[in-house]
Amino acid sequence: MTQEAENPRPQDANLPYQEGPLKIDLYRVPASSSRRDKILRALWACFQIPFARWTPKQLSPLRIALLRLFGASIGPACNIGSGVKVWCPWNLTMGERSAIGFDAEIYNFAPVTIGRHVVISQYAYLCTATHDYTHPHFPLTSAPIEIRSQSWVAAGCLISPGVTIGEGAVIGARSLVTRSMPAWTVSAGSPCKPLKPREIQTIIHG
Ligand SMILES: CC(C)(COP(=O)(O)OP(=O)(O)OC[C@H]1O[C@@H](n2cnc3c(N)ncnc32)[C@H](O)[C@@H]1OP(=O)(O)O)[C@@H](O)C(=O)NCCC(=O)NCCS
């Protein structure tokens, strides 16, 4: 095969062309998910109207019922806000009384496990997938995310693949979390770092 056949010139003459063999060849990107997953995702896309951002927050029970229908494991008294996007419900586990705020996104090609009494605030992005940028075909890779019980992921955080948020942890707004964060600690920033212990007041119930 000639070099030009391996590295064809773009049809649009205005596009840049680099002589020589390609190091990155996006014609050969391997399939990122199985046929079953693709069919399920297409079916799931047909059922997502109650998730649209213009739908009222009161539709949370319907959103939870649909997620369960597609394989999510969601405990009692949970809340899913409007505009929440879940890519693969069958990869979502949520413990009791946990909440996902409006417009948050769960990009869960690998499992996302959310514990009990967890709050994921609005616009958070839980991202289980990345690309192997050292591989010539740039394949999608993924790793699970775990958000342990009683923690709070504040508004607009990005949680990277493979990260665990420790029990009772607080992750400050807009943090970029690339490493696992310790339990009962307030952490924040870009990149996210532990700042101080999370101290809980004692409340006397009368
Ligand atoms: C993380 C948070 C809870 C900490 O609140 P706090 O305990 O009152 O902390 P403070 O405001 O005293 O800040 C302590 C330090 O952390 C820094 N910090 C706080 N939040 C931060 C954040 N999100 N990113 C980066 N640094 C942050 C402060 O600048 C301060 O630094 P300094 O000591 O060098 O001045 C709060 O900042 C936060 O992010 N709240 C979330 C808001 C939100 O998402 N609301 C949606 C509600 S559903």
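Strands, in what follows, are DSSP runs of E of at least two residues, numbered from the N terminus. In this predicted model, strand β18, residues 185–189, gives the most to the shell around the ligand, with three residues.

**Ligand shell**

- The shell around the ligand is made up of seven nonpolar, five polar and one charged residues.
- Of the 13 residues around the ligand, those that come nearest are A154, A155, G172, A173 and A188.

**Strand β18 and its partners**

- β18 runs parallel to strand β16 (residues 170–171), to which two bridges join it, and in this pairing S187 of β18 is the bridge partner of I171.
- β18 is also joined to β19, here by five bridges and in an antiparallel arrangement, with S187 standing opposite P194 in β19.
- β18 and β19 form a hairpin that has two residues between the strands.
- The loop between β18 and β19 (192–197) contains P191, and the peptide bond that joins S190 to P191 is cis, with omega about 0°.

**Five-stranded open sheet**

- Five strands make up an open sheet with parallel pairing, in the order β3-β6-β9-β14-β17.
- The edges of this sheet are β3 and β17 (176–177), and because each has a single partner strand, one side of each is left without a neighbour in the sheet.
- The partner of β3 is strand β6 (residues 105–107), which runs parallel to β3 and is joined to it by two bridges; in this pairing, V86 has I106 in β6 as its bridge partner.

**Nonpolar core**

- In soluble globular proteins, nonpolar side chains tend to be buried together.
- The largest nonpolar core of the model has 40 residues, and those with the most contacts inside it are I120, L126, V153, I159 and I171.
- When neighbours within four places in sequence are left aside, L126 is in contact with I106, Y107, N108, V112, I145 and I159.
- I171 links two of these topics, being among the residues with the most contacts inside the core and also the residue whose bridge partner in β18 is S187.

**Helix α3**

- Helix α3 (residues 60–69) has R63, L66 and L67 as its buried residues; they lie on the same side of α3 because they cover an arc of only 100° around the axis.
- These buried residues of α3 pack against β1 (73–74), β2 (79–80), β3 (85–86) and β4 (92–94).
- The exposed residues P61 and L69 are carried on the face of α3 that is turned away from its buried side.
- G71, which follows α3, has a positive phi near 100°.

- Most residues other than glycine have a negative phi, and most peptide bonds are trans.
- H117, although not a glycine, has a positive phi of about 55°, and its place is in the loop between β7 (112–114) and β8 (119–120).
- H117 counts as partly exposed because it has 16 C-beta neighbours inside 10 Å, whereas a buried residue would need 20 or more and an exposed one 12 or fewer.
- F138, likewise not a glycine, has a positive phi of about 55° and is found in the loop between β10 (129–131) and β11 (140–142).
- With 15 C-beta neighbours inside 10 Å, F138 therefore counts as partly exposed.

Methods:
Residues numbered from 1 in each chain as written. Predicted model: local features only at pLDDT ≥ 70, side-chain atom pairs only at ≥ 80, totals over all residues. Core = buried A, V, L, I, M, F, W, Y, C linked by C-beta atoms within 7 Å. Contact = placed C-beta atoms within 7 Å. Near = placed C-beta within 6 Å. Helix = DSSP H or I, 4+ residues; strand = E, 2+ residues; numbered from the N terminus. Nonpolar A, V, L, I, M, F, W, Y, C, P; charged D, E, K, R; others polar. Arc of directions from axis to C-beta. Pairing = 2+ DSSP bridges.
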